[in-house]
Amino acid sequence: MAKEEPPSVSRDLQELQRKLGLLLESFQNNSKVVAFMKSPVGRFLDRHPFLALTVLMFVTMSAIPVGFFLLIVVLTSLGALMGAILLEGLVISVCGLSLLCVLCGLGFVSFALSGIAMMSYVVVSCLMSYWFSPRLPGSHDYRACQTAQCLLTTLLTKNKKSKSILFL
């Protein structure tokens, strides 16, 4: 009893896929992106997409705390020009320690969020391929979901030295 979606939804999804493909192609053809991807760091991140997503999330989330820290450093440096050198050292030390704590917390949060994003991507792509794939009424094709589950299991167990229990 599969519901037939209106043809406009399918057409809209195809149009969205085409636009996203063009956007991705324009990013990949950018000379700075090509130069970065040929560097050793770019090749490493290309081989480790989970780590690349974690680094991207960490950098974007840590921009605000680092900006606040730099603002405090500039303001205390201006205060040091006026003669409060001892106070400047104390403020920068306390702020540096708190920045370290915040960045460690953001590292953990970005690791967790990138894991959630990767699992969500696998689940959504599995569901999208199942829901929008052309199939005969009454036939069930579970290969896409099995492939997605295999991919998720591989991502979670890759580069593990010890055995782990996966709850899937």
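Two residues are in contact when heavy atoms of theirs lie within 4.5 Å. In this predicted model, serine 110 has such contacts with Thr54, Met57, Phe58 and Met61, leaving aside residues up to four places away in sequence. The protein has 168 residues and contains seven helices and zero strands.

**Overall architecture**

- From the N terminus on, the order of elements is α-α-α-α-α-α-α.
- Buried residues account for 11% of the 168 residues.
- The protein exposes about 13,500 Å², and 72% of this area is supplied by carbon and sulfur atoms.
- Of the contacts between residues at least 6 apart in sequence, 58% join residues at least 24 apart.

**Confidence of the model**

- The average pLDDT of the protein is 77, and 72% of the residues score at least 70.
- Over residues 159-168 the pLDDT is below 50, and this stretch has seven contacts in the model beyond near neighbours in sequence.

- Serine 110 is located in helix α6, which covers residues 85-131.
- Serine 110 counts as buried because its relative accessible area is 1%, and the cut-off for a buried residue is under 20%.
- The residues that serine 110 touches include Met57 and Phe58; helix α4 spans residues 49-61.

**The aromatic pair**

- The count of aromatic pairs comes to one.
- This pair consists of phenylalanine 50 and phenylalanine 111 in an edge-to-face arrangement, with 5.4 Å from centre to centre and 85° between the planes.
- The pair links distant parts of the chain, since phenylalanine 50 belongs to helix α4 and phenylalanine 111 to helix α6, 61 residues apart.
- Phenylalanine 50 has a relative accessibility of 27% and therefore counts as partly exposed.
- Phenylalanine 111 is also classed as partly exposed, because its relative accessibility is 49%.

**Cysteines**

- A disulfide is a covalent bond between the sulfur atoms of two cysteines.
- A search of the whole structure finds zero disulfides.
- The closest cysteine sulfur to that of cysteine 101 belongs to cysteine 104 and lies 6.7 Å away, so the two are too far apart for a bond; a disulfide requires sulfur atoms within 2.5 Å.
- Cysteine 104 is likewise in no disulfide, its nearest cysteine sulfur being that of cysteine 101.
- Cysteine 101 is exposed, with a relative accessible area of 52%.
- Cysteine 104 counts as exposed at 53% relative accessibility.

Methods. Residues numbered from 1 in each chain as written. Predicted model: local features only at pLDDT ≥ 70, side-chain atom pairs only at ≥ 80, totals over all residues. Heavy atoms only, no water. Helix = DSSP H or I, 4+ residues; strand = E, 2+ residues; numbered from the N terminus. Buried < 20%, exposed > 50% of the residue type's maximum accessible area, 1.4 Å probe, protein only. Areas by Shrake-Rupley, 256 points an atom, 1.4 Å probe, with all protein chains shown as cover. pLDDT = per-residue confidence, 0-100. Phe/Tyr/Trp six-rings, centres within 6.5 Å; stacked < 30°, edge-to-face > 60°.
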